[in-house]
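Hello,

Please find the structure below. My notes on it follow.

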Amino acid sequence: EQGCRELLQVLETGNGTLSCAPPMYKIGVCRNFDGYAVFVSGKLVEIDLKIWDTPWSDGLGEAVAKFGKPDDAHVEAMQNGYGATFDLQSASWATLAYVVDLTELINTPYNLKRYMFLRFISREYFDSKHKPHGSSLD
């Protein structure tokens, strides 16, 4: 019901936030992700998503298909308390219109499953949220 209200608000006004949380028992629309999308004046301006059960290569492939070759990519070697090593990856894209970051993470301390975090934000929206403030001494 909350999701329907959020969707109706975005459809009627062009403004609002759509949220999605993993449903109990994997029933519902958000089966392998959770997060939110923000719309302003009918435009998508921000997405924050945790993407579960998708291999890094698939997520990166989809991002490359949408945004092109990443401007920056990193592989970070990690080690757990038992000495096992593994790599976590990240990629980012930056244009005059938007910034995108895709990062591979591990769900610690719970099940240690890998997941991806995707963040998209339009520069215009980012700038509107982070306007410089005057000095507190003024």
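A residue is called buried when its relative accessible area is under 20%, exposed when over 50%, and partly exposed in between (1.4 Å probe, protein chains only). The model is predicted, so local features need pLDDT of at least 70 and side-chain atom pairs count only at pLDDT 80 or more, while totals for chains, interfaces and linings use all residues. Residues are numbered from 1 along each chain as its sequence is written, and side-chain values use heavy atoms, with hydrogens and water left out.

Aromatic rings

Rings of Phe, Tyr and Trp (its six-membered ring) pair if their centres lie within 6.5 Å; planes under 30 degrees apart are stacked, over 60 edge-to-face, and the rest tilted. There are five aromatic pairs in the structure. One of them joins F67 and W93, which is tilted because the planes stand at 45 degrees, with the ring centres 5.9 Å apart. F67 belongs to helix α2 and W93 to strand β5 (residues 85–94), so this pair ties together parts 26 residues apart in sequence. Helices (H or I, at least four residues) and strands (E, at least two) are DSSP runs, numbered from the N terminus. F67 is partly exposed, at 22% relative accessibility, whereas W93 is buried, at 2%. Ring pairs also link F67, W93, Y98 and F120 into a cluster.

Loops

Which value of phi does S41 have? Its phi is near 50 degrees, positive although S41 is not a glycine. S41 sits in the loop between β2 (33–40) and β3 (43–52) and is exposed, at 61% relative accessibility. D53, in the loop between β3 and α2 (56–67), has a positive phi near 55 degrees and is partly exposed, at 47%.

Regards
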